[in-house]
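Please read these notes with the sequence and the model open side by side. They are set out as numbered points, one topic to each.

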Amino acid sequence: MQTPLCKNPCFFLSLQSFNMQLHIFNPEHDLALAFGKPNFTPPHAARELRTNMGYLPAFWAEDGDIVLVDDVDYAVKASAPFRCHMAEVLFLSFDDLHRWFQSSPKAVPSVNPWGWDAALCHRLMHAGYPAASLPSDTELQQLRILSSRATSVDMLPFLLQHTGHPCLTGKSYLCASEDSVIELIKAMQHCVLKAPWSSSGRGIRYVESGKLSTSAEGWMKHTLEQQHHMVVEPYYRKLKDFALEFFVNDSGKPAYCGLSLFDTQHGNYTGNLLMQESAKREEMRKYVSDDLFDNLVKGICLFIKTKVPSYRGPFGVDMMVVADDSTDGILVHPCVELNLRRTMGHAALALTPPKGEPSQVMRIVHRVNYQLKCSPIEGDFVKVM
């Protein structure tokens, strides 16, 4: 399949279906939520990732859709190795979009971003997108509140109570003052502090022996001043990362999309296994029984329908297998993080090899620039998986 390079977007788009969607990879989304205002400027690394990997939505788009990128020529070149996995989409830049809206097109594509935030809406409106076709300020503020880690704090006990399974574990506390944070640190000794809004690997500090370092204390005070809350959790000795990925349709019905087996280093995402769902379930069966797995899926769907009824679109729930030091066994933490946005787990599902083809590892590496690499399963990645 050939992905068209934008030369004359007005002509090409005039031929498109009115059902076409405009997809955007905005990996700075979590940082934009933390900033909370429209005039957000992402740091260099986030802008570089957005430019280098902007073609990603072509993996889950439909033929005839649009993918908005920073650099069309770069997107076409970078995506070339994955062309057989991509829909026939049109890459457009924000300048292309602006010129198209200046020509007063009849069709306004619906927008399908990595995640909605005020900064993205500001960029789209600056490019000429009608405000009426985008989330309102009220909707954006509501989504920002729901995307806080405070929602994860609420989801954890909900899932523990819903399943009632003895192999589940997890505690999480939302604090509004320095005193309450310090009190929990002293009680737990070894714990994790999390900012309500932050990107993966950021906004997290580890505390050992019940003592805050000078830098961690300064970060805690600044976070409480800026974001008004802090999440405090016991430290768990992680053995394995995994996640369940979902999508909520326009009617508000959540549906399970698939299992994500991924790896992190120092809290930063490093890669995913690409394999059939049955193979992933078999891999996880040594930690999570089928009954527990199915109950977790049902519990998550019930939580979203009852506690986050306004949300539409993709989301994922990060989980982990942890050591139970009291019994030398293992436990499952069912809600390390609720991500009300698309995730790399969704991207991995879109790249699942067809039945009968070898499983692979998907990684994002930085060699001069960010690159997506898919390779046979071997080496250290499998050991940690």
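**Notes on the predicted model**

1. Strand S6 (residues 191-194) pairs with strand S8 (residues 230-234) in the antiparallel sense, over four bridges. Two strands count as paired if DSSP finds at least two bridges between them. Helices (H or I, at least four residues) and strands (E, at least two) are DSSP runs, numbered from the N terminus. Cysteine 191 has proline 234, in S8, as its bridge partner.

2. Two remarks on the basis of these notes. This is a predicted model, in which local features need pLDDT of at least 70 and side-chain atom pairs count only at pLDDT 80 or more, while totals for chains, interfaces and linings use all residues. Residues are numbered from 1 along each chain as its sequence is written, and side-chain values use heavy atoms, with hydrogens and water left out.

3. S6 also pairs with strand S7 (residues 204-207), again through four bridges and antiparallel. In this pair, leucine 193 is opposite arginine 205 of S7. Are the faces of S6 buried or exposed? Both faces are covered: Cys191 and Leu193 on one side, and Val192 and Lys194 on the other, are all buried. Buried means under 20% relative accessible area, exposed means over 50%, and partly exposed lies in between (1.4 Å probe, protein chains only).

4. Aspartate 179 belongs to helix H9 (residues 178-188). Its relative accessible area is 64%, so aspartate 179 is exposed. Aspartate 179 and cysteine 191 are twelve residues apart along the chain, and their C-alpha atoms are separated by 16 Å.

5. In what order do the strands of the parallel sheet stand? This open sheet has four strands in the order S3-S2-S1-S4, with parallel pairing. Strand S3 (90-92) and strand S4 (110-113) are its edge strands, each pairing on one side only. From one strand to the next, the twist averages 30°; axes are lines fitted to C-alpha atoms, for helices over the stretch in contact, and angles run from 0 to 180 degrees between N-to-C directions. Within the sheet, three bridges join strand S1 (residues 21-24) to strand S2 (residues 66-68) in the parallel sense. Leucine 22 is opposite isoleucine 66 of S2.

6. Another open sheet of four strands has the order S11-S12-S15-S16, and its pairing is antiparallel. Strand S11 (262-265) and strand S16 (369-376) are at the edges with a single partner strand each, so one side of each has no neighbour in the sheet. Neighbouring strands here are turned by 25° against each other on average, direction ignored. Strand S12 (residues 268-274) and strand S15 (residues 360-367) are joined by four bridges in the antiparallel sense, with asparagine 272 opposite methionine 362 of S15. As a general point, strands of a sheet pair through backbone hydrogen bonds, either parallel or antiparallel.

7. S13 and S14 make a hairpin with four residues between them, and aspartate 328 in the turn has a positive phi of about 60°. The two strands run antiparallel and are joined by eight bridges. Strand S14 (residues 329-339) is mostly covered, with nine of its eleven residues buried.

8. The second largest pocket has a volume of about 920 Å³. A pocket is found on a 1 Å grid over the protein atoms alone, as an open set of points where a 1.4 Å probe fits, with protein on both sides within 12 Å along at least five of seven lines; lining residues have an atom within 4 Å of a point. Grid points are joined across faces, edges and corners, and the volume is the space filled by probe spheres set on the points. Of its 36 lining residues, Val111, Pro113, Trp116, Arg312 and Gly313 are the closest to the centre. Which element gives the largest share of the lining? H7 does, with five residues.

9. Leucine 143 lies in helix H7. Its relative accessibility is 12%, so leucine 143 counts as buried. The C-alpha atoms of leucine 143 and proline 166 are separated by 33 Å, and the two residues are 23 apart along the chain.
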